[in-house]
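Open the model in your viewer and keep the selection tool ready. We will go from stop to stop, and each stop says what to select and what is there.

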Amino acid sequence: MFFSCDQTIHYSVACKMTDTFDGIEEKLLQENPDLKNKKLVYLFQGEAINDKQKTLAELKMKNSDIVIFQEI
């Protein structure tokens, strides 16, 4: 689940544990095209997601986990 810091976007994505974070990010950006040209930082469990090539399993994400994002 993606939540924007300003609470204007709440977006849930169906995915598999083998999906990479950048693939999931692409689904968010397709649904919210106004975000495509913005530089975003993603936080999961208080830590920035720096390696978007990792799978959800590698990032230790589970069903209903929340990723918060903000423009920088």
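**Stop 1: Met17**

Select Met17. Leaving aside neighbours within four places in sequence, Met17 is in contact with Thr55, Leu56, Ala57 and Met61. Contact means heavy atoms within 4.5 Å. Met17 sits in the loop between strand 2 and helix 1 (21–31). Helices (H or I, at least four residues) and strands (E, at least two) are DSSP runs, numbered from the N terminus. Is Met17 buried, partly exposed or exposed? Met17 is partly exposed, because its relative accessible area is 40%. Here buried means under 20% relative accessible area, exposed over 50%, and partly exposed in between (1.4 Å probe, protein chains only). Met17 and Asn50 are 33 residues apart in sequence and 18 Å apart in space, C-alpha to C-alpha.

**Before you go on: what you are looking at**

This is a predicted model, where local features need pLDDT of at least 70, side-chain atom pairs count only at pLDDT 80 or more, and totals for chains, interfaces and linings use all residues. Residues are numbered from 1 along each chain as its sequence is written, and side-chain values use heavy atoms, with hydrogens and water left out.

Colour the chain by pLDDT, the predictor's confidence in each residue, from 0 to 100. The protein chain has a mean of 95, and 100% of its residues reach 70 or more. Where is confidence lowest in the protein chain? Look at strand 2 (residues 10–11), with a mean of 94. Confidence is highest in strand 3 (residues 40–44), at 97.

**Stop 2: Ser4**

Select Ser4, in strand 1 (residues 2–4). Ser4 counts as buried because its relative accessible area is 8%. Its side chain reaches the backbone nitrogen of Thr8 at 3.1 Å. Not counting residues up to four places away in sequence, Ser4 touches Ile9 and Phe69.

**Stop 3: two loop residues**

Select Gln7, in the loop between strand 1 and strand 2. Gln7 is not a glycine, yet its phi is positive, at about 65 degrees. Gln7 counts as exposed because its relative accessibility is 61%.

Then select Gln45, in the loop between strand 3 and strand 4 (47–48). Phi of Gln45 is also positive, near 50 degrees, in a residue other than glycine. Gln45 counts as exposed because its relative accessibility is 58%.

**Stop 4: Leu43**

Select Leu43, in strand 3. Leu43 counts as partly exposed because its relative accessibility is 34%. Which residues does Leu43 touch, not counting those up to four places away in sequence? They are Ala48, Ile66, Val67 and Ile68. Leu43 and Leu29 are 14 residues apart in sequence and 16 Å apart in space, C-alpha to C-alpha.

**Stop 5: the pockets**

On a 1 Å grid over the protein atoms alone, a pocket is an open set of points with protein on both sides within 12 Å along at least five of seven lines, and lining residues have an atom within 4 Å of a point.

Select Met1, Val13, Cys15, Leu56 and Lys62. Of the 18 residues lining the largest pocket, these lie nearest its centre. The largest pocket has a volume of about 300 Å³.

Last, select Phe44, Gln45, Glu47, Ala48, Ile49, Glu58, Leu59 and Lys60. These residues line the second largest pocket. Its volume is about 150 Å³. A volume is the space filled by probe spheres set on the grid points, which are joined across faces, edges and corners.

Key: Polar contact = N/O pair within 3.5 Å; in protein donor to acceptor, adjacent residues only side chain to side chain. 1 Å grid on protein atoms, 1.4 Å probe; cavity = no way out; pocket = protein on both sides within 12 Å on 5 of 7 lines; lining within 4 Å.
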